[in-house]
Amino acid sequence: YPNGYLDFELFSKSEKFLEGLNKIKIALDKGYNIALMCSEKNPFDCHRTHLVSKALYERGYNIVHLMPNNETCTKLDIENKLLDKYFPDRIQQSLFGDELSDEKMLQNAYTLHNKEIGYHIKEE
């Protein structure tokens with residue numbers, strides 16, 4: 001981990017990760033329903049949301065996070081929360097400098113959140 005934490009973007013391109021995604025694809029192609037379980041109550045804090053479900057969504061799969069009280073959370077909900085957290089003033093016009101595109105803000109928000117929730121190497 002060159003930055004001291006697991007870089008989700010880098011790891012999502014690794015052979016092991018892509019093999020795992022392919023296994024999920026094969027199961028879905030056979031008609032299986034897949035549920036990825038995690039111990040975090042909120043999917044916003046779960047690495048599977050920002051690593052696995054993001055990669056699956058980018059490949060055309062529908063992602064629904066199951067919440068307490070029979071509620072659900074979509075990828076759009078997660079991305080709006082990311083943008084609200086890291087770019088709360090994104091709607092305002094800037095008089096100084098270039099403004100980031102929505103896509104670039106979202107990419108930066110994923111990176112910033114990855115630094116917060118990604119596995120960190122403990123320094124001794």
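Analyst: Like charges are joined within 9 Å, and nonpolar side chains (Val, Leu, Ile, Met, Phe, Trp, Tyr) within 5 Å. Accessible areas come from the Shrake-Rupley method with a 1.4 Å probe, and for residues only the protein chains shown count as cover. The model is predicted: local features need pLDDT of at least 70, side-chain atom pairs count only at pLDDT 80 or more, and totals for chains, interfaces and linings use all residues. Residues are numbered from 1 along each chain as its sequence is written, and side-chain values use heavy atoms, with hydrogens and water left out.

User: Which residues make the nonpolar surface patch of about 300 Å²?

Analyst: One member, Y32, sits in the loop between α2 and α3. The patch is made by Y32, I34 and L36.

User: What pattern does the protein follow along the sequence?

Analyst: Helices (H or I, at least four residues) and strands (E, at least two) are DSSP runs, numbered from the N terminus. The protein has five helices and two strands. Read in order, they give α-α-α-β-β-α-α.

User: How far apart are the end C-alpha atoms of helix α3?

Analyst: The expected span of a helix is 1.5 Å times one less than its number of residues. Helix α3 has 12 residues (residues 47-58), so it should span 16 Å. The end C-alpha atoms agree with this, being apart by 16 Å.

User: What covers the buried residues of α3?

Analyst: The buried residues in α3 are T49, H50, L51, V52, S53, K54, A55 and L56. Contact means heavy atoms within 4.5 Å. The cover includes α1 (8-11), α2 (15-29), β1 (64-66), α4 (75-86) and α5 (102-117).

User: Is T49 buried or exposed, and which backbone oxygen does its side chain reach?

Analyst: T49 lies in helix α3 and is buried because its relative accessible area is 5%. Leaving aside neighbours within four places in sequence, T49 is in contact with P43, K54, H65 and I78. At 2.7 Å, the T49 side chain reaches the backbone oxygen of P43.

User: What share of the 124 residues is buried?

Analyst: The protein exposes about 9300 Å², of which carbon and sulfur atoms supply 51%. Buried residues make up 29%.

Terms used. Buried means under 20% relative accessible area, exposed over 50%, partly exposed in between (1.4 Å probe, protein chains only). A polar contact is a pair of N or O atoms within 3.5 Å; within protein, one must be able to donate a hydrogen and the other to accept it, and residues adjacent in sequence count only if both atoms are side-chain atoms. Patches are made of residues with over 30% relative accessible area and no salt bridge: like charges are joined within 9 Å, nonpolar side chains (Val, Leu, Ile, Met, Phe, Trp, Tyr) within 5 Å. A salt bridge is a side-chain nitrogen of Lys or Arg within 4 Å of a carboxyl oxygen of Asp or Glu.
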